Amino acid sequence: MSAQRTVALVGRPNVGKSRLFNRLAGRRIAIVHDQPGVTRDVNATEVIDRSGPFMLLDTGGIGLEDANTPKQLIEAAEQQVFVAVETSDVICFVVDAKEGLTSLDEIIGERLRRSGKQIVLVINKVDDVRMENRTPDFARLGFGPGTSVSAEHGYNEDSLRFAIGTKLPPYEAPEKSESAGLHRTRICFLGRPNVGKSSICNALLQSKRLVVSEIPGTTRDSIEIDLDYKQDDGRVLPFRLVDTAGMRRKQNVASPVEFFSGVRSEQAIEKADVVFVVIDAMDGVTRQEQALLGKALSMAPCVAILVNKWDYAEDAMNEGRLEKYKNIREYRDAFEKSVRELLFFLPDSPILFVSAKTGWFVENILQVASSLNERMNAKLPTPAINRLLQKMFERRAPARKEGKRFKAYYSLQTGNRPITIRIFCNSVEKMDDNYRRYLEHGFIEKFNLQGCTMKFVLVGKPPRTSQT
Ligand code: GDP
């Protein structure tokens, strides 16, 4: 995903950060904490500026709820600087012309200088030109003369926007959705020997809707094939089948263990956008599938399940061997339920039922792969991420570290394959598998990411230095 340009406001309490936030955001009323989609710690909003859009953060709320003493105020300011430095391209360091330079300003200034970030010194509460001449002190902070503004009255707003714009990296318009361009959805089939992987490939390759081409240059051991699938509406869905060599030539595998530890399957998982784990309808989920799925999930951005040989189930139903079930649909629902129970660690992946032998629903594999591929392009809005995480942390707090209360300041999406969420917090907790799954399910449900694997990266504030 293209990086979002981000600007943070930092400064001690009461210098007017909230006013400035609203001014830059183009809002009139400063009821900052009532905005939907923002946490109390960090206010975030998208600003459409002449230099292009950027995300504006006001970190001023961080750490303040327990801050009464000067020491606590310094600690809060440090946390604010930490989040600003970690998340932003440009930091607006806001000071107060009416109060002049304070020691807390100097402490913040020192931290910001060491960060090596682009800093814009904003001297606020300069309500007219005459006051500008009375603010030379701030140059001592080492960020040049600064830009004098009045957040309240709008004085010099344009100069400030200009100063921010020149320090931000140039805006790059996001590329059109990858799937709309040339990106081929790379798919592979994984599974035990004899579940029907080769048969599924062959059934697919016979489809009249497909234009198939082998990719020159791929070795005999790993043949890749491009498939262009023509839909009814004329739209062409482009795919690449990765690692089909062993599937088209009947592979000779000594034992399942050899198959699973084989480098080939790992390479296939690494190359794929969507991994289909194939299960034999007769055998159901075995321990081998569980092991294979664990591996697929740790490496692939998206995983779905294929239950193959469903014609056997149909036959069994027709021959009255499944009398417990009213009809095949009921049997399929029960089958799916048991697959989900055994594979409880799946990211709510789709489960498809197919028959390579009859071709039944085989083409559906491509439709599903295509929609999963699009799902992975999701750009999750930052305020919605923060709102969701805040709710989830409230409902169930992460494990405590040394009795300290976990606190997430600000979160944002930083990647797509897998969908990666960076969480800035007061201390790095080791997130156990259960908690990670809890968050994953929350995101999947909220943003319709069924099948997509998710990665949560916690970024904690480093231990305090002894200089304060
Ligand atoms: P692979 O080792 O996973 O590639 O499995 P194969 O594609 O070689 O299939 C193993 C066996 O299962 C072969 O005898 C296939 O004919 C059979 N088979 C594959 N798919 C189906 C299916 O959908 N229905 C039935 N009845 N048999 C199938």
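Author: Let's begin with a term: a disulfide is a pair of cysteine sulfur atoms within 2.5 Å. In general, a disulfide is a covalent bond between the sulfur atoms of two cysteines. A search of the whole structure finds zero of them. Take Cys201: its sulfur is 9.6 Å from the closest cysteine sulfur, in Cys188, and that is too far for a bond. Cys452 is in no disulfide either, with the nearest cysteine sulfur, that of Cys302, 4.6 Å away.

A quick word on where this comes from. The model is predicted, so local features need pLDDT of at least 70 and side-chain atom pairs count only at pLDDT 80 or more, while totals for chains, interfaces and linings use all residues. Residues are numbered from 1 along each chain as its sequence is written, and side-chain values use heavy atoms, with hydrogens and water left out.

"Buried" means under 20% relative accessible area, "exposed" means over 50%, and "partly exposed" is in between (1.4 Å probe, protein chains only). Cys201 is buried at 1%, and Cys452 is buried too, at 0%.

Now for the sheet. Helices (H or I, at least four residues) and strands (E, at least two) are DSSP runs, numbered from the N terminus. Two strands pair if DSSP finds at least two bridges between them. The sheet is an open one of seven strands, in the order S8-S9-S10-S7-S11-S12-S13, with mixed pairing. At the edges you'll find S8 (210–214) and S13 (351–353), and each of these pairs on one side only. Neighbouring strands are turned by 25° against each other on average, direction ignored. For angles like this, axes are lines fitted to C-alpha atoms (for helices, over the stretch in contact), and angles run from 0 to 180 degrees between N-to-C directions.

Let's zoom in on S7 (185–190). Strand S7 pairs with S10 (residues 236–241) in the parallel sense, over three bridges. One detail to look for: Arg186 has Arg240 in S10 as its bridge partner.

Arg240 also forms a salt bridge with Asp226, where the closest N and O atoms are 2.7 Å apart. (A salt bridge is a side-chain nitrogen of Lys or Arg within 4 Å of a carboxyl oxygen of Asp or Glu.) Asp226 lies in S9 and Arg240 in S10, so this pair ties together parts that are 14 residues apart in sequence. Asp226 is buried, at 10% relative accessibility, whereas Arg240 is partly exposed at 24%.

The closest N and O atoms of Lys271 and Glu224 are 2.6 Å apart. Glu224 is buried, with a relative accessible area of 9%, and Lys271 is partly exposed at 33%. Contact here means heavy atoms within 4.5 Å. Helix H6 (residues 197–205) lies across S7, S8, S9 (225–230), S10, S11 (274–280) and S12 (303–308), and runs at about 140° to S7. Helix H10 (residues 287–299) lies across S7, S11 and S12, running at about 175° to S11.

Finally, look at the loop between helix H5 (157–167) and S7, where you'll find His183. His183 is buried, with a relative accessible area of 17%. The side chain of His183 makes a polar contact of 3.0 Å with the side chain of Asp273. A polar contact is a pair of N or O atoms within 3.5 Å; within protein, one must be able to donate a hydrogen and the other to accept it, and residues adjacent in sequence count only if both atoms are side-chain atoms.
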